[in-house]
Amino acid sequence: MRYRKLGDTGLNISEIGFGTIPVLQGSVPVLPDYFNLSMEEALGVMEHAYLLGCNLYDTAIVPEYGDAEIKLGKFAAIVGRDKIIISDKARFYDGNEMYRAVETSCENLGTNPDLYFVHQVDGEHEQETFGRGGALEALGELKAERKIRYTGIASHYYDILLKGARDARVDVLQGSGNLLERGMLDRLREETLFRGKGFLVNKVYAAGLLPARFSVRTLIGSVLAYPVSGVLIGLGTREQVEEAMGWDTAKRKDALPAFEEVLSVLEKEYAPIPCDRCQRCVCPYGTEIHTLFRQYQYFHLGKDFWALKKLGLGIAESAGKCRKCIGMPCMDMCPRKIRIPKEIQKIERLVAEHPISSRGCHGF
């Protein structure tokens, strides 16, 4: 295991961080169907990672991550609190709610977390999060009171992470990326404002879809080739721990395959949209083009029902507005020159061909 500096925090973290979603129990949306670990089983998996050099463990408040926060607190007490770095988060944007959430997390953990993130900040909650009386202000107060050590912003949106990079109150950032969805990581590498912030990357396996097509070594290495602090990998078995922790750092120079190589692998299964989710395209009607393209990819990669459900929420409206658009500025903004209107019409046809019934089953 190798270690990297977490921005200017003074912490050194393992390149591979332990994501605790797979060790939780509970009826929660993020729970993978194939995991349901007891306390004893979860402690065993977390300890196995620790013995292989992992010192960063990432979780979220109960009930969002089920009982993972409680299990991690138990593990910290067993292994020694000073031996690991705890990263925690909550999806609250109001300062009062965030303050209470952190206090609850401290109770669940039985200790104070090192890092605490405002989780999944998007455009709708950006102003509330960063503004007066918002979640970030609350985290600053909690840091001053030593209930947390460092403040964080977690988001899937580049513009919000960039705002966090500019904000002196933010110590650590958490964003998503992988060898397919690498556009945001490319932009991060070009922007010097990120250099002083710790940066953790999640979704390295793209919701578990990419390991069936690329080796874990390639998936992890491709992200660690960027100037980031570390990656967070959801781990639920000893075998998964060994596979992730055993990544061969000696091959880091060859770790990032060209985007065209990645597409060529996917082309064996379907016709991928050549979008890397750089998020540079801005629709005048507010359509999140990169998100639509992501759901299209995920449909073909195996999350068919989940992707169709997401796409079905607004694809007809988005496609209708796209047909009315005369200027099509999105195409001028796209570095890869994707014929965006054509791809959106294709997604509209996909959803129409595979309707989801009211019973929760898709019609194919």
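User: How many cavities of 30 Å³ or more does a search of the whole structure find?

Analyst: Happy to start there, with the reminder that this is a predicted model. Searching the whole structure at a threshold of 30 Å³ or more gives a count of three.

User: Which helices each supply at least two residues of the lining of the largest cavity?

Analyst: The lining has 15 residues, and those closest to the centre of the cavity are Cys-283, Pro-284, Cys-322, Cys-325 and Cys-330. By class, the lining divides into twelve nonpolar, two polar and one charged. The helices that each give at least two residues are H13 (315–324), H14 (329–333) and H15 (340–353).

User: How many nonpolar, polar and charged residues does the lining of the second largest cavity have?

Analyst: Good one to look at in the viewer. Among the residues lining this cavity are His-156, Ser-176, Glu-181, Met-184, Lys-203, Asp-276 and Arg-294. Sorted by class, the lining comes to one nonpolar, five polar and five charged.

User: Are H1 and H9 roughly parallel or roughly antiparallel to each other?

Analyst: The axes of H1 (residues 39–51) and H9 (residues 238–245) come within 9 Å and cross at roughly 20 degrees. On the H1 side the contact uses Gly-44, Val-45, His-48 and Ala-49, which meet Arg-238, Val-241, Glu-242 and Met-245 of H9. These contact residues divide into four nonpolar, two polar and two charged. Angles under 35 degrees count as roughly parallel, and therefore H1 and H9 are roughly parallel.

User: What is the handedness of the crossing of H3 and H5?

Analyst: H3 (residues 95–109) and H5 (residues 135–144) have axes that come within 7 Å and cross at roughly 40 degrees, which makes H3 oblique to H5. Gly-95, Met-98, Tyr-99 and Val-102 of H3 make the contact with Ala-135, Ala-138, Leu-139, Glu-141 and Leu-142 of H5. By class, that contact has seven nonpolar, one polar and one charged residues. As for the handedness, the crossing of H3 and H5 is right-handed.

Definitions and conventions
Residues are numbered from 1 along each chain as its sequence is written. This is a predicted model: local features need pLDDT of at least 70, side-chain atom pairs count only at pLDDT 80 or more; totals for chains, interfaces and linings use all residues. Side-chain values use heavy atoms; hydrogens and water are left out. Axes are lines fitted to C-alpha atoms, for helices over the stretch in contact, and angles run from 0 to 180 degrees between N-to-C directions. Helices (H or I, at least four residues) and strands (E, at least two) are DSSP runs, numbered from the N terminus. Angles under 35 degrees count as roughly parallel, over 145 as roughly antiparallel, 65 to 115 as roughly perpendicular and the rest as oblique. Contact means heavy atoms within 4.5 Å. Ala, Val, Leu, Ile, Met, Phe, Trp, Tyr, Cys and Pro count as nonpolar, Asp, Glu, Lys and Arg as charged, and the others, Gly among them, as polar. A crossing is left-handed if the near helix is turned anticlockwise from the far one by less than a right angle, and right-handed if clockwise. On a 1 Å grid over the protein atoms alone, a cavity is a set of points where a 1.4 Å probe fits but cannot get out, and a pocket is an open set with protein on both sides within 12 Å along at least five of seven lines; lining residues have an atom within 4 Å of a point. Grid points are joined across faces, edges and corners, and a volume is the space filled by probe spheres set on the points.
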